[in-house]
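Please go through the briefing below on one protein chain.

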Amino acid sequence: MSYFHYTLVVCSTSHQNDINFMAISYNFSSGYNHSLLLFCSRAVQMLFEIMSTYSAQEQRSFLQFVTGSPRLPVGGFRSLNPPLTIVRKAIDPPLNPDDFLPSVMTCVNYLKLPDYSSQDFMRNKLRQAASEGQQSFHLS
């Protein structure tokens, strides 16, 4: 069995990019919420749509950014301990959320995501945060 096939079977990565699977694998708090098939938070829906299009390299970068590791544990997202929690990053008016990057607390798998105006903004900010945040540590 090849390493790729082993990872696919053991780590359940075959459906990691499925939006419904993501919805039941993550926690939401502080401004973002969801229900299984009907998303209540526009930002959560945009995040899942973006993540569902990620290439293998983009998946590794995102995982490294939010968890500190480029790989999921055996069992995939549902096996993260603590589970990945997505919260709204508080931005007070008149400041614009589009001017801020998402931030994370990797020790508790906690993603603080601004409520971006569009999916394109979110995609670009996630990419920027994941690439610029590699190999660094900052308090947020």
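Along the sequence, the elements of the protein chain come in the order α-α-β-α-α-β-β-β-α. That gives 5 helices and 4 strands. The model is predicted, and the mean pLDDT of the protein chain is 75.

**Confidence**
- A pLDDT of 70 or more is reached by 66% of the residues in the protein chain.
- Helix H5 (residues 119-132) has the highest confidence, at a mean of 94, while helix H1 (residues 3-10) has the lowest, at 36.
- Residues 1-21 have a pLDDT below 50, yet in the model this stretch has 35 contacts beyond near neighbours in sequence.
- Where pLDDT is low, predicted coordinates should not be read in detail.

**Contacts and surface**
- Of the contacts in the protein chain with a separation of 6 or more, 64% are between residues 24 or more positions apart.
- The protein chain has 140 residues, and 35% of them are buried.

**Aromatic pair**
- The count of aromatic pairs comes to 1.
- Tyr54 and Phe62 form a tilted aromatic pair, with 6.1 Å from centre to centre and 55° between the planes.
- Tyr54 counts as buried because its relative accessibility is 12%, under the cut-off of 20%.
- Phe62 is also buried, with a relative accessible area of 4%.

Technical notes: Residues numbered from 1 in each chain as written. Predicted model: local features only at pLDDT ≥ 70, side-chain atom pairs only at ≥ 80, totals over all residues. Heavy atoms only, no water. Phe/Tyr/Trp six-rings, centres within 6.5 Å; stacked < 30°, edge-to-face > 60°. Buried < 20%, exposed > 50% of the residue type's maximum accessible area, 1.4 Å probe, protein only. Helix = DSSP H or I, 4+ residues; strand = E, 2+ residues; numbered from the N terminus. Contact = heavy atoms within 4.5 Å. pLDDT = per-residue confidence, 0-100.
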